[in-house]
Amino acid sequence: MAKETGIVSWKDLELGISIHKPGSAGELKTGDWRSARAVTDFDKCIKCGRCYIFCPDMVYTQNDKGYYEQNYYYCKGCGICAHECPVDAITMVQEGD
Amino acid sequence: MAKRVGMEVSIAAAEAVGLADVDVIAAYPITPQTHIVEHLSELVASGHLDAEFVPVESEHSAMSTCVGSSAAGARTFTSTSSQGYALMSEICYIAASLRLPIVMVTANRALSAPISIWNDHADLMMARDTGWIQTVAENGQEVVDLIIHAFRVAEDHRVLLPVMVNLDGFILSHMIEPIWMPDEAEVKAYLPPFVPKLRLDPKSPVTIGPVGMPDVYTEAKKVQDEVLKSSRAVIEEAWDDFEAKFGRRYKAVETYKADDAETILITMGSISETAMTAVDAMREQGRKAGLVRIRLFRPFPAQDLFDAVKGAKQLAIVDRVMNLNGICGPVCGEIKSVLFDRQHAPYVQNYIAGLGGRDVTVQNFTEMVDAVEGSAQRGDPMGYEIINLKE
């Protein structure tokens, strides 16, 4: 599981703000940007995987039963999955509602 | 052994880059920088310089190539002027932020419009906030020396910043001057090989230039500010060693007959030598005029400037660029801030001179001293004035 990023002292930054560990973008909590989250109605879901394919981040992972589940650490609320879902199984739910 | 040669300053600049044994030159020709890169391409083509010359399609590509080659660990050089600088400026910020020790010579030229291929400091000032170290040459010898110095400072692991060496377009770039040209062994003894600290290497992958979220950008800028500030000590150290090895002394701020001066002219670049002649003439008439010349523009030598001018009653600060409808020109603005911060208030007038290749004469400097003394006596409001202007 990715960990949240925090503010690092300017004295501890790498030279030129370079990154020496591959895949560190996985630590970036894009879920912070969200105003609405994607919620799937698994009764409607046909396991086509379009949400997984179109998601611009790393929100969707297929579970043992073949359904695609959200990881809200990454879901930035863009709504692309809800738009692309062929059976309207995904709804964007306002955060705070 | 160093040899005394008569040489066009652009050719001498290219020779100095060759002596620094660069690995990569990526450049696009633009007046008045052309002879510098032409001569470098000749040095490479004839086998005198073992380097890669990348003839790019634009200055934007030139600086982009420099960023890539410097990040790959190559000693990298480019040169430009004016509109070329404007086109590459996007990447210049990146070169500094990524801490890539690229050296660039800027043959200073005015920015359009109207189209002007002639000298002023518009491009130099455009580079002011990019995070590059900026030195300014007064003559051909200084161009050669400051180029060699630039590589040494840029590549020092305590610095790792790009350096821009400024020389006035045509006035210096196309002048044939007597120059002491060091030999390869002397330069080698002064300038160690480039050992990159951060390098693109498939065996040890690194990401250079990633996105910086709001949680890192402020700290990233703070690092740059601190490094630029602390580079001053390395710049001085490199000038000390330069004096020891080559016998020529450089300082961030030079003074000329300024110690007891009541009125001080402040200049930057080739007009400083004209101003010295004017000061000599005024001194012969018994006038207490002096001169302060800025050789290092970034990091800005605030305390040196203050120490150099604090005894004077009047300052006539020359800017070779317009700060359109600002309070004054950029050099004057910096110095006024230095004075204000130290609660010191001499009478200051800003003179805008030498725009787009207009000559600045010995008489002009005498007129500036007359004008600032007259204005101070009358208590005129301080501000800026364009000299040599046809009403």
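Strand β10 (residues 263-267) of chain B runs parallel to strand β11 (residues 289-294) of chain B, and the two are paired over 5 bridges. Strands count as paired if DSSP finds at least two bridges between them. Helices (H or I, at least four residues) and strands (E, at least two) are DSSP runs, numbered from the N terminus.

This is a predicted model, in which local features need pLDDT of at least 70, side-chain atom pairs count only at pLDDT 80 or more, and totals for chains, interfaces and linings use all residues. Residues are numbered from 1 along each chain as its sequence is written, while chains are lettered from A and ligands numbered from 1 in the order in which they are written.

**Confidence**

- Chain B has a mean pLDDT of 97, and 100% of its residues reach 70 or more; pLDDT is the predictor's confidence in each residue, from 0 to 100.
- For the complex, the predictor gives an ipTM of 0.87 and a pTM of 0.94.

**The sheet of 6 strands**

- Strands β10 and β11 belong to an open sheet of chain B with mixed pairing, in the order β9-β11-β10-β13-β14-β15.
- At its edges are β9 (253-256) and β15 (384-386) of chain B, each pairing on one side only.
- On average, neighbouring strands of this sheet are turned by 20 degrees against each other, direction ignored.
- Residues are in contact if their C-beta atoms, placed from the backbone, lie within 7 Å.

**B:Y384 in strand β15**

- B:Y384 lies in strand β15 of chain B.
- B:Y384 counts as partly exposed because it has 19 C-beta neighbours inside 10 Å; a residue is buried if 20 or more other C-beta atoms lie within 10 Å of its own, exposed if 12 or fewer, and partly exposed in between.
- Neighbours within four places in sequence aside, the contacts of B:Y384 are B:C328, B:G329, B:C332, B:N350 and B:I352.
- B:C332 is 52 residues from B:Y384 along the chain, and their C-alpha atoms are separated by 9.0 Å.

**The sheet of 7 strands**

- A further open sheet in chain B has 7 strands in the order β3-β2-β4-β5-β7-β6-β12, with mixed pairing.
- Its edge strands are β3 (52-55) and β12 (296-298) of chain B.
- Strands β2 (residues 24-27) and β4 (residues 76-80) of chain B run parallel, joined by 2 bridges, and B:I25 stands opposite B:F77 in β4(B).
- Helix α6 (residues 140-155) of chain B packs on this sheet, touching β5 (103-108), β6 and β7 of chain B.

**Domains and chain contacts**

- Chain B is divided into domain 1 (3-246) and domain 2 (253-386), with bounds from an automatic or database domain assignment.
- Between these domains of chain B, 26 residues of domain 1 are in contact with 19 residues of domain 2.
- On the domain 1 side, α8(B) gives the largest share, 5 residues.
- Between the chains, 13 residues of chain A are in contact with 18 residues of chain B.

Note on methods
Axes are lines fitted to C-alpha atoms, for helices over the stretch in contact, and angles run from 0 to 180 degrees between N-to-C directions. Two residues are in contact if their C-beta atoms, placed from the backbone, lie within 7 Å.
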